[in-house]
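The structure comes first, then the details.

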Amino acid sequence: MTITLYGYAGSGSAAVEAALALVGAPYRLISAASWAPDSARDELQRVNPLNQIPTLVWEDGSVMTESAAILIELGLRHPASSLLPGDPVARARSLRGLVYLAANCYAMIGIVDFPERVLDAPSPAEAKRIDARSRARLYELWDTFADQFAPPPGAAFLAGAAPGALDLLATVVSRWSGTRSHLAASRPALSALFERVQGHAAIAAVFERHWPAAG
């Protein structure tokens, strides 16, 4: 058996696909998303009751969910890769950054996309207020991320000389909810770093498949 990844174009599965490309692990991709009726969403739900992507099934049939957790596990299984730094201090920083993105930025995007998770049947005015405040908070969280997790001195990427798990997840999650436009104005160095990540030779094809206009 080979690794099976459930994902969808323009989704968070791009980060895991890029990580698999970096470590050179073969995998089978199944197009599935809860919002795409023509995809394998029923199969996805049998594997992951939350019907969320990415969902990864290892060669032994065990299931793993949650983008940050999958990226961490891939880094642990492939210690020679650039996914997780070998230095304990740098590795702890990357782990902190991955959890920060999942717990803060990713979670806030869920409110932007689904205001009904905050308020039952919000009126158009209420939904607009939720959207505005959620986006403002999201951008605050990204500014803090930029200030807390800047690349090491002289490094091109958050992980150092090559893109790591933190670079991949941040690059993908920043593509949603207007974050890139905000960062281009507020933290241009981080915005430029994301362009370097998605243009990196080893993973550029993954980003091009997900966002053809990414460049």
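Tyr-106 is partly exposed, at a relative accessible area of 24%. This is a predicted model. Trp-176 is buried, at 16%.

The structure holds 8 aromatic pairs. One of them joins Tyr-106 and Trp-176. Tyr-106 sits in helix α4, residues 88-113. Trp-176 sits in the loop between α6 (165-173) and α7 (179-186). The pair therefore ties together parts that are 70 residues apart in sequence.

Which residues form one aromatic cluster? They are Tyr-100, Trp-142, Phe-145, Phe-149 and Phe-194.

A charged residue also meets a ring. Arg-77 lies over the face of Trp-58, 3.6 Å from the ring centre.

Val-197 belongs to helix α8, residues 188-199. Val-197 is buried, with 0% relative accessibility. Leaving aside residues up to four places away in sequence, Val-197 touches Phe-157, Asp-167, Leu-168, Thr-171, Ile-203 and Phe-207. Ser-186 is 11 residues from Val-197 along the chain, and their C-alpha atoms are separated by 19 Å.

Accessibility for three of these residues:

| Residue | Relative accessibility | Class |
|---|---|---|
| Tyr-106 | 24% | partly exposed |
| Trp-176 | 16% | buried |
| Val-197 | 0% | buried |

Terms used: Residues numbered from 1 in each chain as written. Predicted model: local features only at pLDDT ≥ 70, side-chain atom pairs only at ≥ 80, totals over all residues. Heavy atoms only, no water. Phe/Tyr/Trp six-rings, centres within 6.5 Å; stacked < 30°, edge-to-face > 60°. Helix = DSSP H or I, 4+ residues; strand = E, 2+ residues; numbered from the N terminus. Buried < 20%, exposed > 50% of the residue type's maximum accessible area, 1.4 Å probe, protein only. Lys NZ or Arg CZ within 6 Å of the ring centre and 35° of its normal. Contact = heavy atoms within 4.5 Å.
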